[in-house]
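Hi everyone, thanks for making the time.

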Amino acid sequence: MSEQAHAELMLKDNAEATALLGQYNRNLNEIQKSFDTQILARGETIRIDGEPDEVEQVRALFEKLLDLVQRHHVPSLADVRYLVAQIKAGVEVDGVLSDIVRITHWGEEIRAKTVGQHRYVTSVRGNDITFSIGPAGTGKTYLAVAMAIDFLKREQVKRIILTRPAVEAGEELGFLPGDIQAKVSPYLRPLYDAIFDMIPVSEFEKLIEHGRIEMAPLAFMRGRTLNNCFVILDEAQNTTSTQMKMFLTRLGFHSKAIVTGDITQVDLQEHVSGLLAVQEILEGTEGIAFVRLDRTDVVRHPLVARIIEAYERNDQKRASEAANTQR
């Protein structure tokens, strides 16, 4: 018989126990079925018995969840499932769900919900240029906008500049109706959606009017020097190498830039994606960080992660078939 271990956690009161264990003990039940340990919750005491390694994992999980509760974040079942998977895999979860990036204008806290998202947010704070590369639903654009608004509100920058390559519609901007704002608006809709979570529409309109927020197509960046700005280049997989170099060399003093993109969704027909090329050119450059997100960082509907996984399997299958054909 292998050595057994036990651990105990003491909670402050019944309210803390309810928040930690979940309504009708749903969090506790999820944890119990995920580990081969015995967990006894009575009043303000939780006792864990089982194999030493698993007891330590469950103890670490409960301590993480308790830390969230004490930070006034009630863990959801999705939070518990994610943390269970990461802790069982031996992944460090410090900062996950406890790192508040921004609060929406209706009071909801925007948190780094995954290990990858926490790494992303930390990289932005510590580097002048951060590349966030990953599939849909990993929070690349949303967190970039949240951090930009936070920097602006804290007066750490004077302006936010949001830009995107306009290639999806297959039309030149000049042929689209309206002024420049009307022309570029459809390309920037995902950025608008994120902004309107952070600030009311009326405030956004004032910031646009006063030049504190600027939205422009990537082509309009040429020749500029962007000082005291927080610049976001979204959908960067659709830039050419020339455009990427042009954008990166616009950065001025006291500025930050985030470049987001999904290298599996390149719409360029005749050029190599600048986002693909830049990784080889700038990887390891001081002041520049590359953060790669994957399906474990998807925070949309659970089906989105499964859809991404299915496409990845299909891509691997096709690559294997192509390699076998060449032989």
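How much space lies in the largest cavity? About 30 Å³. A cavity here is a set of points, on a 1 Å grid over the protein atoms alone, where a 1.4 Å probe fits but cannot get out, and lining residues have an atom within 4 Å of a point. Grid points are joined across faces, edges and corners, and a volume is the space filled by probe spheres set on the points.

Before I go on, a word on where this comes from. It's a predicted model, where local features need pLDDT of at least 70 and side-chain atom pairs count only at pLDDT 80 or more, while totals for chains, interfaces and linings use all residues. Residues are numbered from 1 along each chain as its sequence is written, and side-chain values use heavy atoms, with hydrogens and water left out.

Back to the cavity. The structure holds 1 cavity of 30 Å³ or more. Its lining is Leu226, Val231, Phe247, Leu248, Arg250, Leu251 and Ala257. That splits into 6 nonpolar, no polar and 1 charged; Ala, Val, Leu, Ile, Met, Phe, Trp, Tyr, Cys and Pro count as nonpolar, Asp, Glu, Lys and Arg as charged, and the others, Gly among them, as polar.

Now the largest pocket, at about 1,200 Å³. A pocket is an open set of points with protein on both sides within 12 Å along at least five of seven lines. There are 45 lining residues, and closest to the centre are Gln117, Gly137, Val298, Val299 and Arg300. Helix H4 (77-88) and helix H12 (302-326) are among the elements that give two or more residues to this lining, and H4 gives the most, with 6. Helices (H or I, at least four residues) and strands (E, at least two) are DSSP runs, numbered from the N terminus. By type, the pocket lining has 15 nonpolar, 16 polar and 14 charged residues.

Most residues other than glycine have a negative phi. Asn228, though, has a positive phi of about 50 degrees, and sits in the loop between strand S8 (213-217) and strand S9 (229-233). His254 has one of about 55 degrees, in the loop between helix H10 (241-248) and S10. Asn228 is partly exposed at 25% relative accessibility, and His254 is exposed at 64%. Buried would be under 20% relative accessible area, exposed is over 50%, and partly exposed is in between (1.4 Å probe, protein chains only).

On to salt bridges, meaning a side-chain nitrogen of Lys or Arg within 4 Å of a carboxyl oxygen of Asp or Glu. The count comes to 18. Arg59 pairs with Glu63, with the closest N and O atoms 2.5 Å apart. Why do Arg59 and Glu63 sit about one helical turn apart? Because they are 4 residues apart in helix H3 (residues 52-70). Arg224 and Glu214 also meet in a salt bridge, at 2.7 Å, N to O. Arg224 is in the loop between S8 and S9 and Glu214 is in strand S8, so the pair ties together parts that are 10 residues apart in sequence. Then there's a network of salt bridges linking Glu8, Arg47 and Asp49.
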